[in-house]
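Thanks for making time this morning.

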Amino acid sequence: MSKRKIQKGISVAIGIVMALTSLTGCTQSSESGKVEVELVSYKPEAVDVFEEIAERFNATHEDIHLTIDSPNEAMTILKTRFIREDYPDIVGIGGDINYSNFLDAELFMDISDLEETGMVKQSYLDIDKELEFIPQEGVYALPYVANAAGMLYNKEMFEEHGWEIPETWDEFLTLCEEINASGIQPLYFGYKDTWTCLAPWNALAVGLTDSDTCNQVNMGNTTFTAAYGEVAEKMKVLLDYAEPNPYAYGYNDACTAFAREQTAMYPIGSYAIPQIKSVNPTMKIDSFTFPANEKEEDNVLNSGIDLQFCVMKNCKNKEAAYEVLRFLYEDETIQYYLDNQGGVACKEGDFDIPTELEGMRAYIEGDRMADYQDHHYPSEMSVDAMIQTFLLDDSETAVQTFLERFDTDWKRYNRDLIQKVQQYQQEVGNVQ
C-alpha cells in the first residue's frame, strides 16, 4: 500500500483552481535567456525538499532555470492540464495505475538514451515494465525512491523476550503463538480504514503469486481464483492474532497502538513510520519481510516505486530536461531526499538504509523485490473494500465467494483493457 492512499481527498476545489493558475507552461526561453524547465511532483509532503533541490540546481546551472511544483491533489491537476494540452516538461509520479494510464495514452518520452537509466536497480525497471498494459520498446521513467512493506516490530520488546525473526510461514505462526502466550497482542490491523486491508494482502501476494499475475489474467492465462487462493486463506489466518474487532479501529488507531507498545508487530509499510514516531519519537522499530512461504528463499520483499520522473513526450527541450534528471540522479541529491523523506534509493549504489528497514537490508541489497499488486488494480473496483467484506465473512464458502467475485469484477472493470491485451497477443502470435 503506497503512501498516496493516506492523503486521498485532502484539498478542495478552490485549491486546485489556484494551483492551476500558478503553474507555468511547457519549456520555453525566459527573458533572462535561460531555458525554463518545469517539473510537477505529486508529493506535496516533499515541497520543502524540492524547493531546496531546485535552488541547488539553479545555483549551478547558468543556462537552465528549474521550477518544481508540488501541489495538493497533483494528479487531479495533471489530468486537467493534460486535457488542456498544457503539459509540464517533467512529472514526478508513483509507479502505479496512473503511470500505466498515462503511458498507455502515449504522453511520455522514451528516455532509454539517458545514461542514468542504466543505473537503476533491475527490480524497479522490471516493476515499470510490468506496469505497461501493452509491452513498450524503451524506457519511460527514471525510478527514484521506493518504499517497502512487510512487518514492523518493536525491537526492544523482541530483545526483551528473546523472540527470533521468522523466515517461514510456520515460524511466523509459532512466533504469534509465543507472543500471545506472553500476554501481548501479536498483531494490529486497523481495518476500519479499508485501504489498510491491502497492506498484509500485498505483502503476502508478492511472495505467493507471480509479480505479473494481473497481466497474466488479462491475457487469459490464469484466473484470480487460481492465483489468489493461498493469499486469501492466509489473510484469514492472520485474524487469529488480530486485535479484538479490528474493523472498529482505523489506521491512526493502529499506529498509536503500536507506538504505545500495545502490540508487538504491525503489518504495514515504511510510510507509516513517521506517524508512529509522532506518537513515540524514541521508539526503536525494525522490520522484516513478510515470511509468506514455507522456504525463506521463496520470500519476496514488497517494494514499490514511490517516486519516479517521466519526461513529457512534447517537451520542447529534451537536453535541458535530461540535465535536470542527471542532477536529480546524483548521489548527493538522492541522499538529501532520502535524509528528509526516507525510503529506499532505486539507484544502484551505497545509499543509507533507514534503521527501521535494517531487517529488510538483505532483500533490498539482493534486489529481491516485487511491486504492490494493488498498483495494478483499477480504483473503481475497490479491492480494499472487497477484502474487508471477505474478512468479515465467516461462512465456509467465504474464500470461494471472494475469489469468484474478484474474477467477475475484474472482467467488469477491465473489459476494454482485456480486449486490448488479448488483441495484442493475437497480433504478436500472427506475426510470429
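Before the first item, one convention: Ala, Val, Leu, Ile, Met, Phe, Trp, Tyr, Cys and Pro count as nonpolar, Asp, Glu, Lys and Arg count as charged, and the others, Gly among them, count as polar. Please also keep in mind that this is a predicted model.

With that in hand, the structure holds 1 cavity of 30 Å³ or more, and the volume of the largest cavity is about 40 Å³. Its lining is made up of Glu-130, Ser-211, Ala-370, Asp-371, Tyr-372, Gln-373 and His-376, which under the convention divide into 2 nonpolar, 3 polar and 2 charged residues.

Now to the cores. The largest nonpolar core has 71 residues, and those with the most contacts inside it are Ile-90, Ile-93, Tyr-99, Phe-108, Tyr-124, Tyr-144 and Phe-309. Helix 14, residues 318-328, gives the largest share of this core, namely 7 residues. A second, separate core has 51 residues, including Trp-169, Trp-201, Met-235 and Leu-238.

Let me turn to the second largest pocket, whose volume is about 400 Å³. Of the 21 residues that line this pocket, Ser-270, Pro-274, Gln-341, Gly-342 and Gly-343 are the closest to its centre. The elements giving two or more residues to the lining are strand 5 (142-149), helix 13 (273-279) and helix 15 (331-341), and the largest share, 5 residues, comes from helix 15. By class, the lining divides into 9 nonpolar, 6 polar and 6 charged residues.

Finally, the two helices. Helix 17, residues 383-392, is mostly covered, with 7 of its 10 residues buried; these are Val-383, Asp-384, Met-386, Ile-387, Gln-388, Phe-390 and Leu-391. What covers the buried residues of helix 17 includes helix 8 (198-208), helix 11 (229-238) and helix 18.

Helix 18 itself, residues 398-413, has 16 residues and reaches 22 Å from its first C-alpha to its last, close to the 22 Å expected at 1.5 Å a residue. Its buried residues are Ala-398, Phe-402, Leu-403, Phe-406, Asp-407, Asp-409 and Trp-410. When reading that list, recall that an α-helix has 3.6 residues a turn, so residues three or four places apart point the same way.

Definitions and conventions
Residues are numbered from 1 along each chain as its sequence is written. This is a predicted model: local features need pLDDT of at least 70, side-chain atom pairs count only at pLDDT 80 or more; totals for chains, interfaces and linings use all residues. Side-chain values use heavy atoms; hydrogens and water are left out. Helices (H or I, at least four residues) and strands (E, at least two) are DSSP runs, numbered from the N terminus. The expected span of a helix is 1.5 Å times one less than its number of residues. Buried means under 20% relative accessible area, exposed over 50%, partly exposed in between (1.4 Å probe, protein chains only). On a 1 Å grid over the protein atoms alone, a cavity is a set of points where a 1.4 Å probe fits but cannot get out, and a pocket is an open set with protein on both sides within 12 Å along at least five of seven lines; lining residues have an atom within 4 Å of a point. Grid points are joined across faces, edges and corners, and a volume is the space filled by probe spheres set on the points. Contact means heavy atoms within 4.5 Å. A nonpolar core is a set of buried Ala, Val, Leu, Ile, Met, Phe, Trp, Tyr and Cys residues joined through side-chain atoms within 4.5 Å.
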